[in-house]
Amino acid sequence: MRNDKYIFMIKTDVDSKEYNAYYQVYLNKLSDNVGLLEGFINGRKEVLDFFMSLPNEKHAFAYAKGKWTVKEVFQHIIDTERIFMYRCFRIARRDATALAGFDQDDFMITCSANSKSITLLLEEFTSVRDSFIVLLKTLSSDDLKFIGEASGYPISARAIAFINLGHYLWHIDVIKERYL
């Protein structure tokens, strides 16, 4: 186990210069004192409980033509988590290579979320989230503070991790407001 204070890192430790203002909407979903590792561990249960609680008839539901289904939203959460974990890893390892953005709509075209069972999506999320948690446990505070570049903007490894926590919350709120 790392003898480090990363476990106690909270959202307010992240400076606004460590990320693009675009991501503020996700950070606003988090309480100021949410701990990084605690947020990932508690969030895993929150996501699993939420998607397991949805009735089967809602899984393939989209609230309007051209909008994603609940399963597609869940797949998007998983895909984004995977990408953010990769970005966090690369930046924490001091990789100075600018990391490309991704088009979420292009990903949705080929993801086949609606043909997957909710059980498989839950398994996929658990696997990705657990990998992200283990990655965070291996990183030091200095690793997490390192700033690289993703989608054309400077971003720290810790900002990526906290943004990821707010991202799933934002989508769960959307599902609650528009799908249920």
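**View 1. Arg129, a buried arginine in helix α5.** With 0% relative accessibility, Arg129 counts as buried (under 20% relative accessible area, with a 1.4 Å probe and protein chains only). Arg129 sits in helix α5; helices here are DSSP runs of H or I with at least four residues, numbered from the N terminus. This is a predicted model, in which local features need pLDDT of at least 70 and side-chain atom pairs count only at pLDDT 80 or more, while totals for chains, interfaces and linings use all residues. Residues are numbered from 1 along each chain as its sequence is written, and side-chain values use heavy atoms, with hydrogens and water left out. What does Arg129 contact, leaving aside its neighbours within four places in sequence? Gly39, Phe40, Gly43, Arg44, Glu81, Asn164, Leu165 and Tyr168, where contact means heavy atoms within 4.5 Å.

**View 2. Helix α2 packed against α5.** The axes of α2 and α5 lie 10 Å apart, at an angle of about 180°; axes are lines fitted to C-alpha atoms over the stretch in contact, and angles run from 0 to 180 degrees between N-to-C directions. That makes the two helices roughly antiparallel, the word for angles over 145 degrees. Among the residues that meet are Leu36, Phe40 and Phe51 from α2, and Ile118, Phe125 and Leu136 from α5. Sorted by type, the contact of α2 with α5 has 14 nonpolar, three polar and four charged residues. Here Ala, Val, Leu, Ile, Met, Phe, Trp, Tyr, Cys and Pro count as nonpolar, Asp, Glu, Lys and Arg as charged, and the others, Gly among them, as polar.

**View 3. The buried residues of α2.** They include Leu37, Gly39, Gly43, Val47, Leu48 and Phe50. The buried residues of α2 pack against α3, α5, α6 (141-145) and α7.

**View 4. Helix α3 from end to end.** Covering residues 70-92, α3 reaches 32 Å from its first C-alpha to its last, close to the 33 Å expected (1.5 Å times one less than its number of residues). Of its 23 residues, 20 are buried.

**View 5. The largest nonpolar core.** Such a core is a set of buried Ala, Val, Leu, Ile, Met, Phe, Trp, Tyr and Cys residues joined through side-chain atoms within 4.5 Å. Which of its 58 residues touch the most other members? Phe51, Phe74, Phe132, Leu136, Ile155, Phe162 and Ile163 do. Helix α7 gives the largest share, twelve residues. Not counting residues up to four places away in sequence, Ile163 touches Tyr19, Tyr23, Tyr26, Leu27, Phe84 and Ile155.

Key: Buried means under 20% relative accessible area, exposed over 50%, partly exposed in between (1.4 Å probe, protein chains only). Angles under 35 degrees count as roughly parallel, over 145 as roughly antiparallel, 65 to 115 as roughly perpendicular and the rest as oblique.
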